[in-house]
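Open the model in your viewer and keep the selection panel at hand. The stops below go from one selection to the next.

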2 protein chains.
Amino acid sequence: MTKVRRVERIVALTKMLMDMPGHLFSLGHFSNLFSTAKSTLSEDMVTIKQSMQEFGLGTVQTVSGASGGVKYVPYPSEERINHMLTQMAKQLSDPDRIIPGGFLYMSDILFTPELMMQAGEIFRARFSSVTPDYVMTVETKGIPLAFSTARAFGLPLVIVRQGSKVTEGPSVSINYVTGSTKRIQTMSLPRRALPSGSKVLVIDDFMKAGGTAQGMIDLANEVGAQVVGTGVLIATIEPEKKLIEDYLALLMLHDVGQHTKMIDIRPVL
Amino acid sequence: MTKVRRVERIVALTKMLMDMPGHLFSLGHFSNLFSTAKSTLSEDMVTIKQSMQEFGLGTVQTVSGASGGVKYVPYPSEERINHMLTQMAKQLSDPDRIIPGGFLYMSDILFTPELMMQAGEIFRARFSSVTPDYVMTVETKGIPLAFSTARAFGLPLVIVRQGSKVTEGPSVSINYVTGSTKRIQTMSLPRRALPSGSKVLVIDDFMKAGGTAQGMIDLANEVGAQVVGTGVLIATIEPEKKLIEDYLALLMLHDVGQHTKMIDIRPVL
């Protein structure tokens, strides 16, 4: 490929890095692609990194050594996180969302790509101290959120199925008790989906008593994997004592007033 | 915000545009954000567009008029599409994927974010002549693919539930007959998820006889919506005559040889 102007090369580099968060690119790869010296590409990376950080969009990490390279890490600033979560809480406070039974309709938000991509980047920032190998969720409504989180980490997603209808070869199942309704349920996973020894980040859309999250932790343990973090988009303030203690929620649901038509949901800042 | 160097501004613009494909940004918005004249930003957009197109990464469209602006449209070149689909077919041809019963294990690929993001961009390019309002899929395995497609279009996703266990307010259900096993099943959707009059793009991971896709078309019609296209990642070559005629597959599965241990899967180029 013929040489291109620096600014055009930087646009292409930004797009390629951002398309694969967490993926380590060698400078040699870009050097071939753009017919440009590695030293020049290093300067490009400094520029991209400075701009990302200045606008609170993320960062570019350099890994040194023979097998080194550069990778893009989404890292929204606290200012941007505050703004995104405040907006989401506002959208979720619309009284039209109240469903008979005191539930909150939130599928539209859970299935809006740009909102879930933002939430995924927020989890990436909040869980920056853990180094999972997989992101895990249980079907169905949390899948886009967990997928976006996996994408922000550059990791594969594992989806646990409800029931035992897995037809993907040998599987492992566990029974669990939903914390709120006290029903016994089954969840399962194909054996080959999660190798023994893996570190897992559990992501779900909603947590009340924590029974489902505890089920995923048990299922991971059953195959010899270890849960290193649990994140939910929304947790309810009641019951205060949940089945799992160590979880991170982005929003706390304080009250859904069926009669008052008031929803009290607040960002965790 | 103080003025920044042009190249840093262009990095930030590229990231912001790419974070929200299909979203129309006014130049006024960027003008405030960067304290830069609109005419300068117009030049930046030309640079970004040229670079995207030169590297087969997408394009930037300008919408003129008072409510106009710019938007990023993912549009991988045919060369990149060929490369991506050929790689995916190769990965799927691994004989270890054969599951007793002649099925193909593909969850790992369906749940790998960077592969599904690529597939979503391919659907965006292949369906560039239709203008849907929603992307629709049915749970579970096609959700990451449909989510990525919705993201590439900048549209919301609608997820149809199997069975009638929807607890999200009034819902509409239909019965459908799976084309391959001839069983009667139910699928449902909350009424408020899909407004009457909407145009829908149906996306699923796998099609054999087309019963599930036909079910989604019936369900869309039931709420007064119209399906304007159907895309699947993989379709089987048999049965040649499927329940729906008008669909687009990215890969065709010719054979899963349980005894020969050979998988014949080919990109549709």
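**Where the chains meet**

Select chain A and chain B of this predicted model: across their interface, 14 residue pairs are in polar contact, both residues at pLDDT 80 or more. Next, colour the elements of chain A that give two or more residues to the side touching chain B: α1 (6-19), α3 (38-54), β3 (98-99), α6 (113-126), α7 (143-153) and β6 (157-162). Of these, α1(A) gives the largest share, 11 residues. Coloured by class, this side of chain A shows 32 nonpolar, 11 polar and 16 charged residues.

Now show the contact residues on both sides: 59 from chain A and 59 from chain B. The area buried between the two chains is about 5200 Å², with carbon and sulfur atoms giving 66% of it. Pick Lys15(A), Phe55(A) and Phe147(A), which supply 13% of the area that chain A buries against chain B, more than any other three residues.

Stay on Lys15(A): its side chain forms a salt bridge with that of Glu121(B), at 3.5 Å from N to O. Between chain A and chain B there are four salt bridges.

**The whole pair**

Zoom out. The same surface serves both copies, as 100% of the contact residues of chain A recur in chain B.

**A loop residue**

Last, select Met262(A), in the loop between β11 (248-256) and β12 (263-267) of chain A. Met262(A) is exposed, at 56% relative accessible area. Leaving out residues up to four places away in sequence, Met262(A) touches Ile98(A), Asp255(A), Val256(A) and Gly257(A).

Conventions: Residues numbered from 1 in each chain as written. Chains lettered and ligands numbered in written order. Predicted model: local features only at pLDDT ≥ 70, side-chain atom pairs only at ≥ 80, totals over all residues. Heavy atoms only, no water. Contact = heavy atoms within 4.5 Å. Helix = DSSP H or I, 4+ residues; strand = E, 2+ residues; numbered from the N terminus. Buried < 20%, exposed > 50% of the residue type's maximum accessible area, 1.4 Å probe, protein only. Buried area = accessible area lost by both parts, 1.4 Å probe. Polar contact = N/O pair within 3.5 Å; in protein donor to acceptor, adjacent residues only side chain to side chain. Nonpolar A, V, L, I, M, F, W, Y, C, P; charged D, E, K, R; others polar.
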